[in-house]
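Hi,

Here is the structure I said I would pass on to you. Have a look at it first, and then read my notes below.

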Amino acid sequence: MNDLTRQHAMITAFGQQYDYDTAYMTELLDASPAAYAAFAAAMPLSGHRQALPLAAHFVARIVTLQAEDCGACTQLNLRMAVEAGVDRDVLATLLARPDALPAELADIRAHVLDVVGGGLPDPERAARIRARHGDAAFAELATAIAGSRLFPTIKRALMHASACQKPTLDF
């Protein structure tokens, strides 16, 4: 099996595992294996987590994707969050009543919205996040936000953005 075939198989398996449309990845790989390699090298950016608590990590990713209006990516990350062990009640609150999130997660959500909105994050909120979780976790929060934006950006740039689907925990 050559490398291109192996990459196609990995993309297909990922899409099947998460019920996720990977056509944009396949197109990128077929058009330019080198461009796909660069994209693939950046993929771990959104998933890196050592110090940031699991729920905070996924709240950051999901809120970023909601802000990017990528329903398919949001749905994918909901599946990944459940698979990783995030409490479904936390995720349900995030989707239906985000203002009811616990203070720790509300700070994460508000920080993400500030960042993706292009404004300057609230320094007091940032200080609370740092005090609560530490500098390493705060750095991981930044990579989760930046890395999560990669996927909808590539999808839109390759003309694979579709009408936003409403994310659900019914899976």
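**Helix 5 and its neighbours**

Let's start with helix 5 and helix 8 (residues 103-116), which pack at an angle of about 35 degrees with their axes 9 Å apart. Keep in mind as you read on that this is a predicted model. On the helix 5 side, the contact is made by Ala55, Ala56, Val59, Ala60, Val63, Thr64 and Ala67, and helix 8 brings Leu105, Ile108, Arg109, Val112, Leu113 and Val116. Sorted by class, the residues of this contact between helix 5 and helix 8 are eleven nonpolar, one polar and one charged.

Helix 5 (residues 54-67) also meets helix 10 (residues 135-157): their axes come within 9 Å and cross at roughly 35 degrees. This crossing, of helix 5 with helix 10, is right-handed. If you want to click through the residues, helix 5 uses His57, Ala60, Arg61, Thr64 and Leu65 here, and they meet Leu141, Ala144, Ile145, Ser148, Arg149 and Pro152 in helix 10. The contact of helix 5 with helix 10 has six nonpolar, three polar and two charged residues.

**Phe58**

While you are on helix 5, pick out Phe58, which sits in that helix. Is Phe58 buried or exposed? Its relative accessible area is 6%, and the cut-off for buried is under 20%, so Phe58 counts as buried. Leaving out residues up to four places away in sequence, Phe58 touches Asn77, Met80, Ala81, Ala84 and Val86.

Next, the largest pocket, which has a volume of about 370 Å³. It is lined by 21 residues, and the closest to its centre are Phe14, Met25, Met43, Met80 and Phe151. Which helices supply at least two residues each of this lining? They are helix 1 (3-18), helix 2 (23-31), helix 3 (33-42), helix 4 (44-47), helix 5, helix 6 (71-84) and helix 10. By class, the lining of the largest pocket has 15 nonpolar residues, five polar and one charged.

Two aspartates are worth a click. Asp19 is in the loop between helix 1 and helix 2, and its phi is near 50 degrees, a positive value in a residue other than glycine. Asp19 has a relative accessibility of 64%, so it counts as exposed. Asp69 lies in the loop between helix 5 and helix 6. The phi of Asp69 is positive too, at about 60 degrees, although Asp69 is not a glycine.

Last stop: Pro33, in helix 3. With a relative accessible area of 44%, Pro33 is partly exposed. Setting aside neighbours within four places in sequence, Pro33 is in contact with Leu4 and Leu28. The C-alpha atoms of Pro33 and Gln7 are separated by 9.5 Å, and these two residues are 26 residues apart along the chain.

Cheers

Note on methods: Residues numbered from 1 in each chain as written. Predicted model: local features only at pLDDT ≥ 70, side-chain atom pairs only at ≥ 80, totals over all residues. Heavy atoms only, no water. Axes fitted to C-alpha atoms, helices over the stretch in contact; angles between N-to-C directions. Helix = DSSP H or I, 4+ residues; strand = E, 2+ residues; numbered from the N terminus. Left-handed = near helix turned anticlockwise from the far one by under 90°. Contact = heavy atoms within 4.5 Å. Nonpolar A, V, L, I, M, F, W, Y, C, P; charged D, E, K, R; others polar. 1 Å grid on protein atoms, 1.4 Å probe; cavity = no way out; pocket = protein on both sides within 12 Å on 5 of 7 lines; lining within 4 Å. Points joined across faces, edges and corners; volume = space filled by probe spheres on them. Buried < 20%, exposed > 50% of the residue type's maximum accessible area, 1.4 Å probe, protein only.
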